Amino acid sequence: MEAVLNCQSLTKNFGAKTALDHFSAAVYGGRITGLLGPNGSGKTTLIKLAAGLLTPTDGAVTVCGTAPGTQTKAHVAYLPDRMSLPNHLRVREAVEFFADFYVDFQEEKASALLSELKIQPDERIGTMSKGTREKLQLALVMSRAADLYLLDEPIGGVDPAARDRILDTIIRNYREEAALVISTHLIGDIEPVLDDVIMIQDGRPVLTGNVEELRETHGKSMDALFREVFKC
């Protein structure tokens, strides 16, 4: 089976700083992969490379067999770690923007999700709380029928009581044949939904594999294993 996302010796430098250092890993369709690591470990850089927002310094990254670029944007649904839409837009205008830009965007699904999350069509982004803005972006991204979903810290900005609802929204709405990558350092919250993990530190993968197999091999949860690996 060909990987949906494939990284081979992927390196990204920002001046003298190395954010990714010969990073190799693969993500497959029909699987939910946790990209796990502390802040500053390289998670966001990897996601931006896969989304085509950055170019590698060295090595290679492919999405559905193609280097990220104009062609792969049709395959990738990307949720950034901060709001990317202008504050002056109303919710309905944001929906129209996504519908115009992405051929796989499902307006009816978006409307249903926004209603479920209690986000009003005429509400302006600039008047929303941080948590509501993140829910809006999530609803828009999960209304696409993509091959690869890249979610950068989707539960990082919401209170603990809202995290289960956010995760439920993600799991119920992504295309099941697609690959779903969730970047986070909140391991305990997302562990129940993960099939695979990629633990990353200093731009390198330090532990990868199937969640069930790793639990059996190490005799502990992913949360406990994460704390051990990163000495939290």
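Which residue in strand 7 does L151 stand opposite? L151 faces I182 there. The model is predicted: local features need pLDDT of at least 70, side-chain atom pairs count only at pLDDT 80 or more, and totals for chains, interfaces and linings use all residues. Residues are numbered from 1 along each chain as its sequence is written, and side-chain values use heavy atoms, leaving out hydrogens and water.

Strands of a sheet pair through backbone hydrogen bonds, either parallel or antiparallel. Here, an open sheet of 6 strands has the order 5-6-7-3-8-9, with mixed pairing. Strands (E, at least two residues) and helices (H or I, at least four) are DSSP runs, numbered from the N terminus. Two strands pair if DSSP finds at least two bridges between them. Strand 5 (76-79) and strand 9 (204-210) form the edges. Each has a single partner strand, so one side of each lacks a neighbour in the sheet. From one strand to the next, the twist averages 15 degrees.

Strand 6 (residues 148-152) and strand 7 (residues 179-184) run parallel, joined by 5 bridges. Helix 4 (residues 130-141) lies across strand 5 and strand 6. This helix runs at about 175 degrees to strand 5. Such angles run from 0 to 180 degrees between N-to-C directions, with axes fitted to C-alpha atoms, for helices over the stretch in contact (heavy atoms within 4.5 Å).

The structure holds 0 disulfides (pairs of cysteine sulfur atoms within 2.5 Å). The sulfur of C7 is 13 Å from the closest cysteine sulfur, in C64, which is too far for a bond. C7 counts as buried because its relative accessibility is 1%. C64, at 29% relative accessibility, counts as partly exposed. Buried means under 20% relative accessible area, exposed over 50%, and partly exposed in between (1.4 Å probe, protein chains only).
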